[in-house]
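Me: Can you walk me through this one? I have the sequence and the model open.

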Amino acid sequence: MALFKSSSLSLAVLLSLVLERSQWSTAFTAAPSRPFTGFSLLSANDRIQRKNSSYLSVSIGIGPSEDNQQTEKDSDVIIPEVDHELFRKSRLGKFDEKCDDWFGSLLGPTDDKSTNEVSEFALNKLLTPVELKEDERLPDDDPRFTAYVRSFRQPGKPILPAYGCENYGIPVPRRRAEAWRHWDVLGMVERDYSLSCDGNDSEMVLDEEGTSEYRSILESKKVWVDDEACSARLIYINGKFCPSLSKSSDIANNLSMCNLDSVRPEIIDHLKRLPDGFTDQLEGNPEEIKKECGTNKLSELSAPHHNTGDATSMFAVNNQQGMAAFAALNTVKTTSVALIDAPVGHEEELPVLVVNLITADGGVTDSSEKGVTHHPRTLILADEKSDISVIQSCVDMIEDGGEVKPKLYNGYTQVFLNENATVAHSYVDEKGGKPIAKVELSGKEYDEARDAESKRLGLRDTHLECIDVHLTSDFAHYKGTMLGVNGSGRSKIAMTTTLLKPNTNAEINGFSLSGGDQTVDMRTTIHHIGHETFSKQLQKNMVGGRATATFKGRIRVEQSAQQTDSDQLARTLMLSDKGKIWAIPSLEIIADDVKCTHGATIADLSEEELFYLRSRGLDRKDSRNILMYAFVDDVSMNVPDVFIKGKGMLKDRITEKLENLVPRGNRLVKGDFSSV
């Protein structure tokens, strides 16, 4: 080994000589137990052989030692690949295993023969393991080359699946996953929802007395619309279609999943479609989509530098809403579909009403403490130049007495619009009762309220809804309104709206109300793919009690979506010092000729507005109630009048829930944006 002990050559000169010998790599190490012996250069093979040594030394030189000279061929080290399958579950913790077991209990036995091709397709998607692979390394001159290699891996290191894909082909909930980060995953998986409604593969046949009884219940809850006020009415009780309470029409009827032989292939394809990119093929005519976007695959949009890639990659999973596994579960388990199929040129002035009523016992006779899961499904198709309005309502009988089972509501709604079609779609969830008031206040006098909230039956329930909208042709217009005013312990509503062709337009309005100990999550993705598309979004959130709420609004504008015009605003009112809100507006713009804006505000009721109302003779409570409903009215006014206006209708019910959460007492923190 050549050593330099003379001080005549500076260290800088030595380093420059080392760098000139580019075929050798440099190792810098130090050992306090050994004296300094100079500098030397180690080859890559030397480093690998000595990586487990217990001592360190510092040495730099301009060549290898005489005893360790090798040819360039011998210095190339080949590290063998490991068996990646042995490490597939190496990252699983005990809680991750609990999540997988919980999801498996919902899925039930998987060795039974599927009843139809749709459920069989979804089951295969869930049970087929994710392929352990890394991105292909391409040469610089390849048109698919990109410097953004997302799965860079050192040789010999195992390839691991994305979080949630260790046991399933689609990610299931993980507490550390981005889609579930602020949600009560623990509270959900601690509850057993493995029961299903008795006889859920058949319709619910009621005699005259039973029909009259259930109609009275629906009327008392103000979700019944008479025949002359609606074009169609589809009533489902515990997920089972009830013909005696329903009013079917040419465009709206129930579709049994046990009888798909007479259904046209287009509907079968729609029922197989999964959100979050797990159906990679873009909706619509493949040739037209490819001409418009350069590809007809979601994973290849804005390639090679900005595409999301395979849906099971960690990069893609981090941008998903986390609902694909539950949409697939719905596809496997659902037995009835509310089908609204508007043909070419059909215009309907009156709305179509779809009501999902859940009874206290969930439709099961099991006397155990297990909960029950329901899988409602809705499919809305609007052909060319059609114009329809659809109202979806979710209610329960949790406050009507009797044995009350914990319930998981796993809904999946799909909407497809063709050229010049218009759909006004309202989704209202009112299940779970009302949160207990005053839980945010401290002191022994409020212990009773907090104890009552912790024992409230609705707190055991979980509500999940995935809404997947596709505007597949020019000039399609979708107007969606989501109202989450339930009392369930956990609620998550996720909507994805995809604008595929020029001049498509989407208006998205949402309102989320939470109180007590609720955990509420409302997520939206507006995906601009075709050029010259338009979207406008208004989101309102109101948080009271000790609730935790999340809103994540994601807008993605692909390279092909030039001249996009998109506007998003999220406003949140904090009614309590103990509440929490994560408001996350997000813009991902790949195109360079767009007009996009987004914003978020979090505040309390305006002091100035309260002062104005109180100066007109109103007390503090009434002033707050007026401002709170004015805050909500921008969203609720988009629901058809037949469902919202009138004594006891939706407007009155929302007002009642707002009054239940109205702030009491003085705020701990005061300022320009806090109420007095």
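What follows is a short chat about confidence, the sheet and the helix contacts.

Me: What is the mean pLDDT of the chain?
Reply: This is a predicted model. Its mean pLDDT is 86. 85% of the residues reach 70 or more.

Me: Where is the pLDDT below 50?
Reply: Residues 1-59 are one such stretch. Beyond near neighbours in sequence, residues 1-59 have 68 contacts in the model. Residues 672-676 are also below 50. That stretch has 21 contacts beyond near neighbours in sequence.

Me: OK, the sheet. What is the strand order?
Reply: The sheet is open and has 10 strands. The order is E3-E2-E6-E9-E11-E13-E15-E17-E19-E21. Pairing is mixed.

Me: Which strands stand at the edges?
Reply: Strand E3 (240-241) and strand E21 (595-603). Each has a single partner strand, so one side of each is left without a neighbour in the sheet.

Me: How do E2 and E6 pair, and over how many bridges?
Reply: Strand E2 (residues 232-237) pairs with strand E6 (residues 352-358) in the parallel sense. There are six bridges. As a landmark, isoleucine 237 stands opposite leucine 357 in E6.

Me: And E17 with E19? How many bridges there?
Reply: E17 and E19 pair over 10 bridges, in the parallel sense. Look for glutamine 539, which stands opposite alanine 570 in E19.

Me: What about E19 and E21?
Reply: Those two pair in the parallel sense over nine bridges. Aspartate 567 has threonine 597 in E21 as its bridge partner.

Me: Which strands does H14 lie across?
Reply: Strand E13 (477-484), strand E15 (505-514), strand E17 (534-543) and strand E19 (565-574). H14 runs at about 150° to E17.

Me: Stay with H14. How does H13 pack on H14?
Reply: Helix H13 (residues 607-614) packs with H14 at an angle of about 125°. Their axes are 9 Å apart. H13 and H14 are therefore oblique to each other. The crossing of H13 and H14 is right-handed.

Me: Which residues make that contact?
Reply: H13 gives Glu609, Leu610, Leu613 and Arg614. H14 gives Arg620, Ser623, Arg624, Ile626 and Leu627. The contact residues of H13 with H14 split into four nonpolar, one polar and four charged.

Me: Now H14 and H16. At what angle do they cross?
Reply: Roughly 135°, for helix H14 (residues 620-636) and helix H16 (residues 650-661). Their axes come within 10 Å. That angle makes H14 oblique to H16. The crossing of H14 and H16 is right-handed.

Me: Which residues meet there?
Reply: On H14, Asn625, Met628, Tyr629, Val632 and Ser636. On H16, Lys651, Ile654, Thr655, Leu658 and Glu659. The residues of this contact of H14 with H16 are five nonpolar, three polar and two charged.

Me: Different spot. Are H5 and H8 roughly parallel or oblique, and why?
Reply: The axes of helix H5 (residues 117-127) and helix H8 (residues 265-272) cross at roughly 30°. They come within 9 Å. Angles under 35 degrees count as roughly parallel. H5 and H8 are therefore roughly parallel to each other. The crossing of H5 and H8 is right-handed.

Me: Which residues touch?
Reply: Glu117, Val118 and Phe121 in H5 meet Ile268, Leu271 and Lys272 in H8. In the contact of H5 with H8, four residues are nonpolar, none polar and two charged.

Terms used: Residues are numbered from 1 along each chain as its sequence is written. This is a predicted model: local features need pLDDT of at least 70, side-chain atom pairs count only at pLDDT 80 or more; totals for chains, interfaces and linings use all residues. Side-chain values use heavy atoms; hydrogens and water are left out. Axes are lines fitted to C-alpha atoms, for helices over the stretch in contact, and angles run from 0 to 180 degrees between N-to-C directions. Helices (H or I, at least four residues) and strands (E, at least two) are DSSP runs, numbered from the N terminus. Angles under 35 degrees count as roughly parallel, over 145 as roughly antiparallel, 65 to 115 as roughly perpendicular and the rest as oblique. A crossing is left-handed if the near helix is turned anticlockwise from the far one by less than a right angle, and right-handed if clockwise. Contact means heavy atoms within 4.5 Å. Ala, Val, Leu, Ile, Met, Phe, Trp, Tyr, Cys and Pro count as nonpolar, Asp, Glu, Lys and Arg as charged, and the others, Gly among them, as polar. pLDDT is the predictor's confidence in each residue, from 0 to 100. Two strands pair if DSSP finds at least two bridges between them.
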